[in-house]
Amino acid sequence: MATQPAQAPAQAATIHLLSIEEAATYLNVPQRWVADAVRQRRIRCSRIGKHVRFRLEHLNEFITACEQPLTAPSDTNVLHLSPRTSGRSRL
């Protein structure tokens with residue numbers, strides 16, 4: 001009677017892990033920046049032995065967390081400047 005090997009869940013087959021180099025390319029930053037962010041625990045990663053790997057959803061989560069909110073100036077806060085003239089009189 002032969003035993004069948006245990007099959008991994010379907011979800012595990014679709015997970016693609018990125019290396020530091022691939023994550024840096026995806027984020028359009030230097031590899032050194034990604035390595036520093038991992039050391040400072042600013043970006044989520046998985047450690048497999050000595051290797052650091054990233055999931056795409058974690059990188060996208062990081063990108064979303066880094067987005068800056070838009071602030072549109074209201075009409076009441078806008079300072080209108082007139083052209084500056086010299087304090088000297090022209091003779």
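Mentor: Let us start with a definition: accessible areas come from the Shrake-Rupley method with a 1.4 Å probe. In this predicted model, the chain exposes about 8,500 Å², and carbon and sulfur atoms supply 52% of that area.

Trainee: Thanks! What percentage of the 91 residues of the chain count as buried?

Mentor: The figure is 16%. Among contacts between residues at least 6 apart in sequence, 47% join residues at least 24 apart.

Trainee: How many helices and strands does the secondary structure hold?

Mentor: There are four helices and three strands. Reading from the N terminus, the elements run α-β-α-α-β-β-α.

Trainee: Now the sheet. In what order do the three strands lie?

Mentor: The general idea comes before the case. Strands of a sheet pair through backbone hydrogen bonds, in either a parallel or an antiparallel way. Here the three strands make an open sheet with the order β1-β3-β2, and the pairing is antiparallel. β1 and β2 (46-48) are the edge strands, each pairing on one side only. Between β2 and β3 (residues 51-55) there are three bridges. Look at Ser-46, too: its bridge partner in β3 is Arg-53.

Trainee: I also picked out Ser-19. Where is its place in the chain, and is Ser-19 buried or exposed?

Mentor: Ser-19 sits in the loop between β1 (17-18) and α2 (20-27). Buried means under 20% relative accessible area. Ser-19 has 19%, so this residue counts as buried. Beyond its neighbours within four places in sequence, Ser-19 is in contact with Val-52, Arg-53 and Phe-54.

Trainee: On to the aromatic rings. Which residues form an aromatic pair?

Mentor: The structure holds one such pair. Trp-33 and Phe-62 form it, with 5.8 Å centre to centre and 55° between the planes, and the pair is tilted. It links distant parts of the chain: Trp-33 belongs to helix α3 (residues 31-39) and Phe-62 to helix α4, 29 residues apart. Phe-62 is buried because its relative accessible area is 14%, whereas Trp-33, at 30%, is partly exposed.

Trainee: One last feature. Which residues form a nonpolar patch on the surface?

Mentor: Look for Tyr-26, Leu-56 and Ile-63, which together have about 240 Å² of accessible area. Ile-63 lies in helix α4 (residues 56-66).

Terms used. Residues are numbered from 1 along each chain as its sequence is written. This is a predicted model: local features need pLDDT of at least 70, side-chain atom pairs count only at pLDDT 80 or more; totals for chains, interfaces and linings use all residues. Side-chain values use heavy atoms; hydrogens and water are left out. Helices (H or I, at least four residues) and strands (E, at least two) are DSSP runs, numbered from the N terminus. Buried means under 20% relative accessible area, exposed over 50%, partly exposed in between (1.4 Å probe, protein chains only). Contact means heavy atoms within 4.5 Å. Patches are made of residues with over 30% relative accessible area and no salt bridge: like charges are joined within 9 Å, nonpolar side chains (Val, Leu, Ile, Met, Phe, Trp, Tyr) within 5 Å. A salt bridge is a side-chain nitrogen of Lys or Arg within 4 Å of a carboxyl oxygen of Asp or Glu. Two strands pair if DSSP finds at least two bridges between them. Rings of Phe, Tyr and Trp (its six-membered ring) pair if their centres lie within 6.5 Å; planes under 30 degrees apart count as stacked, over 60 as edge-to-face and the rest as tilted.
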